[in-house]
Amino acid sequence: MEFWRKNRLFLILALIGVAMFFVYSYLPLSQINWQKENNVNLSLRFNTPDEVLNYYFSNQYARSGELFYFEPWDKIMNQVVFPRWALVIENKITPGNFLGLDLIYGAIGKAVNLISNLKVGVTERTLAEIIIPFLTPFFAVICALFFYLLIKIFFDKKVAFVSALLMLIFPGFWYYSSRTMFNNVLFLSLLIAGLYFLINFFHTNLHKYEHKKTQIRNFILSALAGLFFGLALITRTSEIIWVALIVLVILFFYRKNLKNLWPYFLISAVIFCACFVPVLYHNKILYNNYFSTGYPLTTVSSNLETGQVNKIGIWQAVFLPFGFHLKNIILVVYNYIFKLFWPWAVLVLVGLFVFIKNKKTNEQKLFFSLSLVTYYLLLYYGSWVFHDSPIQNLISIGSSYVRYFLPIYIFSLPFIALLLVKIWQSQRIKLLFKFFLFIIFFHYTLYLIHNTIFSGPESLPAIKNNLIKYNIQARSILEIVDKDDIILLDMSADKIVFPELKHIIVPQNNVEYPEIRKAFSFLPKQNFYYFHNNASISADWLNKNKFNFENLEIYAGQNMEGGGVVYKIKLED
């Protein structure tokens, strides 16, 4: 009973977190259930190319310890055979993103596979393939628990509990915990854990550092801080500037304690650096250089679907890779801080007013400073225009801005929690009016969740329908196209057929067509196919406007279940 009394809020939060794990697992669970009911033996589908590749390479690492596969056709066809968001290095297809998620999830998958070699379900997946899509929901729950522990250092238990609860239901966090192969929630989880261990290291019993028990405790805390900061930054290395600034703010705040604690900082630094060893090792294998990456430092992309990039200078790449464009920043702040989540934005402002008005502890001043640092992300990402959706000017939770701004949203939640706790504890406000205010809060929270997560073209139900559609299309395409055939794809269609079909060519500003003609001259009997996702566009129109200009012709079109047409390609007569 004593344990329950001391840890009641944490345990309640853990139980709620277990329930939210299944809520966050909506997309993989829906897809796995559909595949089982329809006897479909395919890899899980995802909605964007980086999700697709993260899932593939995580599983690849779990199976073989490698983060690449060989594409023999790229020797002949000048490196045009690859899925979007991948890089072709010689004839290796490699990740075009940070390696952290692939390594972390792959290592967990490898450990699971060592424990059990069982095949699971109708699709005969390994246990790792089943578990990997559920790791982000798992880390999301862990993130909420560490957020509670972290905020408890700055505020009381009630504010910490409400903050963590708000995190679990905040639409942006909920949405990207459900988009399980993006790396943003994993990064945030590891960062918050690192912050908890670092601040806890300073916060308690440091004046007893000479005592043996305290030395052991400080050793553990410093080691864990280095580990989690290291794992966070191999997951999203682009966040290193503002994360470093957060650490500097913490060190400045506890500067009086630094003199006698340098051995622990050394331990933390060594473990932090050790986290980058596997990344450097695989960088050498994949990109022929320890410090080359799949996310080139001097390029930026504005389009998740096409992977289009622009060249920039190295200092700009480090600090402001998208430049500094004040008008765009203001527009982004309006759209993604106020307009999209306006009820909570209002509550944050009121909560900030209450926070500033009341007397603050030193720890609360530190938290306020840390929350201010996160607004650097508005400058970092707000200066660019991301075109994630084919719908022009769509303000949606599916935008890259929302996942990039997750730290801003999450570190604002304690101000809402403080406001709600103050209202509930106030003696001036009558109980009936308190209930009225909380009914309004719950109403607008449900309204926000419904409008952002469950309605619109990028809502979770819409994505679920897309993923099932991709399964139906893939099953139909694979009845015609063999794994050894080469298939040219319409825009965005690689996520439909990969990884069962790996010899895929995505649109590349027409440089792919001469390579297809070249391949015909080497192997005239090789099957070449073209998949077009819009059956309403005729073969005659496609030949006239696309293929005949390249001395190619498509013919023998077959309609696919779920939509689209598969054609054969030949040299024009």
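**Close-up 1. Salt bridges in the predicted model.** In this predicted model, the count of salt bridges comes to eight. One of them joins the side chains of R45 and E500, with a nitrogen-to-oxygen distance of 2.7 Å. The two partners lie 455 residues apart and link distant parts of the chain, R45 being in the loop between α2 (26–37) and α3 (49–64) and E500 in the loop between α24 (494–497) and β9 (504–505). R45 is buried, because its relative accessible area is 0%, whereas E500 counts as partly exposed, because its relative accessibility is 23%.

**Close-up 2. The salt bridge between R84 and D494.** Here the side chains of R84 and D494 meet in a salt bridge, with 2.7 Å from N to O. This pair, too, links distant parts of the chain, since R84 belongs to the loop between α4 (73–76) and β2 (86–89) while D494 is in helix α24, 410 residues apart. R84 has a relative accessible area of 5% and is therefore buried, and D494, with a relative accessible area of 4%, is buried as well.

**Close-up 3. The salt bridge between E239 and R236.** The side chains of E239 and R236 form a salt bridge with an N to O distance of 2.8 Å, and both E239 and R236 are buried.

**Close-up 4. Pairing of strands β10, β11 and β12.** Strand β12 (residues 565–571) pairs in the antiparallel sense with strand β10 (residues 528–532) over four bridges, and in this pairing Y529 stands opposite K568 of β12. Strand β11 (residues 552–559) also pairs with β12 in the antiparallel sense, over six bridges, and the bridge partner of N559 in β12 is V565. β11 and β12 form a hairpin with five residues between them, and in the turn G562 has a positive phi of about 90°.

**Close-up 5. A patch of positive charge on the surface.** R8, K152, K157 and K158 gather on the surface in a patch of positive charge.

Note on methods
Residues numbered from 1 in each chain as written. Predicted model: local features only at pLDDT ≥ 70, side-chain atom pairs only at ≥ 80, totals over all residues. Heavy atoms only, no water. Patch = residues over 30% accessible without salt bridge, like charges linked within 9 Å, V, L, I, M, F, W, Y side chains within 5 Å. Areas by Shrake-Rupley, 256 points an atom, 1.4 Å probe, with all protein chains shown as cover. Salt bridge = Lys/Arg side-chain N within 4 Å of Asp/Glu carboxyl O. Lys, Arg positive; Asp, Glu negative; His and termini not counted. Charge placed at Lys NZ, Arg CZ, Asp CG, Glu CD. Pairing = 2+ DSSP bridges. Helix = DSSP H or I, 4+ residues; strand = E, 2+ residues; numbered from the N terminus. Buried < 20%, exposed > 50% of the residue type's maximum accessible area, 1.4 Å probe, protein only.
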